[in-house]
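Thanks for coming, everyone. I'll keep this brief. Please have a look at the structure before I start.

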Amino acid sequence: MSTMDLLGLRREQLKEGYSVCRLINEAVARGEGRLTREGALLIETGQYTGRSPKDRFIVRDEVTKETVAYGKTNLPMDEEVYQNLLQKTKEYMRDKELYLVKALAGSSDKYALKINVLCEDAAQAAFSSQIFIKDNEREGVDADFTVVALPNLKAEGEKDGIHSEAFIIISFRDRLVLIGGTKYSGEIKKSVFSVMNYLLPEEGVLPMHCSANMGKDGKTALFFGLSGTGKTTLSADPKRLLIGDDEHGWSDEGVFNFEGGCYAKCINLDAEKEKEIYEAIRFGSVLENVVVNDKGEADYCDNVLTENTRCTYPLEYIEHRVDEKKGGHPSTILFLTADAFGVIPPVSKLTREGAMYHFMSGYTSKLAGTERGIVNPETTFSALFGEPFMPREIQEYAQLLGTMIDEHDTEVYLINTGWSGGVYGVGERTPLKYTRLMVDAALSGEFNDVEFVHDEIFNLDIPVKVPGVPDEILIPKKLWKDAAEYEKVATELSGKFKENFHRFENVSETITQAGPR
């Protein structure tokens with residue numbers, strides 16, 4: 001059965017092949033949003049200003065029962081509950097006109113997924129047209145996977161067997177995503193990402209939550225990191241070309257972007273520090289929940305609606321880019337962390353097993369209570385630097401990473417963009433200019449002829465020299481006034497690494513031993 005038949009849709013219901021310009025004009029005419037002074041489409045998403053992880057489900061069926069790592073992240077949905085919500089979706093769409101966006105997930109000819117996005121809102125159709133790779137020349141309405149986005153269709157919570165009025169349901173058997181009750185467009189983007197993360201490992205391709213860029217020498221680099229670690233800032237390097245800012249695959253052919261656009265955070269956006277993002281906000285881009293005055297002027301520092309303000313724009317709006325959206329096998333991988341405890345070295349080199357360990361750990365720290373001046377850094381572990389979007393067992397992705405590192409002699413570094421000389425509130429954050437120099441040294445191969453010293457607590461190898469960086473910055477202990485306090489804090493953090501890693505079963509001893517001791 002085709003997806004159209006499964007959904008009970010007729011071809012005449014579909015508004016197909018609309019340009020981004022037309023979609024934006026329709027969104028304004030329908031009252032879904034308005035234009036800012038720069039010409040961007042501004043929309044407000046109401047109650048849901050971010051993803052709703054408790055409302056995201058994967059249908060448990062004969063396809064997924066043995067292959068999806070069900071649990072707190074991948075919530076299972078019984079077939080009966082799914083069929084009920086599918087029927088409600090069909091009834092809701094029966095006489096509606098829907099925008100059809102034909103797109104590709106993946107810039108690889110070999111591994112791209114043909115997707116259809118069906119939207120009741122023109123604004124979400126404009127978003128989908130810009131975030132995914134356009135596939136307007138495809139004939140017919142057949143696709144490998146279909147996403148249905150109906151923000152005005154609300155579920156009945158417990159009566160429908162779920163938690164609220166919102167639902168995000170992935171059925172791998174039916175090759176279908178159903179999204180209802182939320183206007184937050186990031187659910188569309190991340191649902192497709194989750195689909196790719198499930199399908200690609202079966203083909204020996206490693207899906208990754210990372211940014212990627214390319215040097216003038218043609219060498220590719222990957223940047224992994226959770227929110228606040230500097231992933232976007234460090235990968236948007238004017239000396240290098242951006243391949244993509246968020247989602248990629250690593251195959252036998254090299255690295256390829258899953259997307260055709262970017263979905264950048266806008267809170268506190270600075271025209272000088274983030275020039276390329278700032279200049280990408282113009283006609284054709286879509287702003288979510290940014291505060292704008294009556295003159296259409298945006299205030300990117302105003303978080304009255306949410307801290308998670310966003311802008312979507314096509315990669316073509318970035319000056320320094322790779323138009324093909326792909327590159328060769330990465331010569332360097334950078335894992336970024338923002339350690340608020342001030343004990344992780346600012347740069348260290350990882351072994352293959354160390355890379356797998358830190359890939360599975362996905363560590364950074366977040367700051368709690370800072371609005372009241374309370375110093376309280378908290379550890380955060382998100383496996384693969386994107387655990388909420390990984391349907392399979394974490395070890396499966398880590399093994400793929402290890403295989404790729406072996407096959408392509410990729411070097412991996414851990415970069416701490418966070419604090420040194422003490423915990424947050426006592427120490428200071430490593431200056432961005434020094435972090436950039438460390439990243440440059442890693443990407444240029446300057447560490448190949450440098451001596452390393454071993455950090456016994458975190459089991460890391462630290463270079464003793466980085467051109468342009470003061471030597472004392474490289475060894476965290478040297479910047480602490482109280483050596484005993486450093487040992488105490490470092491030991492506590494290493495213990496949290498080990499405690500977190502206990503959740504992984506059947507992990508090779510060589511990987512476990514590559515972590516903090």
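Which residue in β21 is the bridge partner of Gly261? It is Pro314. Bear in mind that this is a predicted model.

Let me place that pair. Gly261 sits in β17, which covers residues 261–265. Strand β21 covers residues 310–314. The two strands run antiparallel, and 5 bridges join them.

Now the whole sheet. It is open, with 5 strands. The order is β2-β3-β18-β21-β17, and the pairing is mixed. Which strands are at the edges? They are β2, residues 34–35, and β17. Each of them pairs on one side only.

On to the helices. Two packed helices are described by the angle between their axes and the distance between the axes.

First pair: α2 and α4. Helix α2 spans residues 20–29, and helix α4 spans residues 122–131. They pack at about 155°, with axes 8 Å apart. From α2, the contact uses Val20, Leu23, Ile24, Glu26 and Ala27. From α4, it uses Ala122, Ala123, Ala125, Ala126, Ser129 and Gln130. By class, that gives 8 nonpolar, 2 polar and 1 charged residues.

Stay with α4, because it also packs against α5, residues 186–199, at an angle of about 40°. Here the axes are 10 Å apart. That angle makes α4 oblique to α5. The crossing is right-handed. On the α4 side, the contact residues are Gln124, Phe127, Ser128 and Ile131. On the α5 side, they are Gly186, Ile188 and Lys189. This contact of α4 with α5 has 3 nonpolar, 3 polar and 1 charged residues.

Helix α8 is residues 352–361, and helix α9 is residues 394–408. The angle is about 150°, and the axes lie 9 Å apart. So α8 is roughly antiparallel to α9. α8 passes α9 in a right-handed crossing. α8 brings Arg352, Ala355, Met356, Phe359 and Met360 to the contact. The α9 residues in it include Ile394, Tyr397, Leu401, Ile405 and Asp406. The contact divides into 9 nonpolar, 4 polar and 2 charged residues.

Last, confidence. The mean pLDDT of the chain is 95. Of its residues, 98% reach 70 or more. Where does pLDDT stay under 50? Over residues 368–375. For that stretch, the model has 8 contacts beyond four places in sequence. Where pLDDT is low, the predicted coordinates should not be read in detail.

That's my tour. Over to you.

Note on methods: Residues are numbered from 1 along each chain as its sequence is written. This is a predicted model: local features need pLDDT of at least 70, side-chain atom pairs count only at pLDDT 80 or more; totals for chains, interfaces and linings use all residues. Side-chain values use heavy atoms; hydrogens and water are left out. Two strands pair if DSSP finds at least two bridges between them. Helices (H or I, at least four residues) and strands (E, at least two) are DSSP runs, numbered from the N terminus. Axes are lines fitted to C-alpha atoms, for helices over the stretch in contact, and angles run from 0 to 180 degrees between N-to-C directions. Angles under 35 degrees count as roughly parallel, over 145 as roughly antiparallel, 65 to 115 as roughly perpendicular and the rest as oblique. A crossing is left-handed if the near helix is turned anticlockwise from the far one by less than a right angle, and right-handed if clockwise. Contact means heavy atoms within 4.5 Å. Ala, Val, Leu, Ile, Met, Phe, Trp, Tyr, Cys and Pro count as nonpolar, Asp, Glu, Lys and Arg as charged, and the others, Gly among them, as polar. pLDDT is the predictor's confidence in each residue, from 0 to 100.
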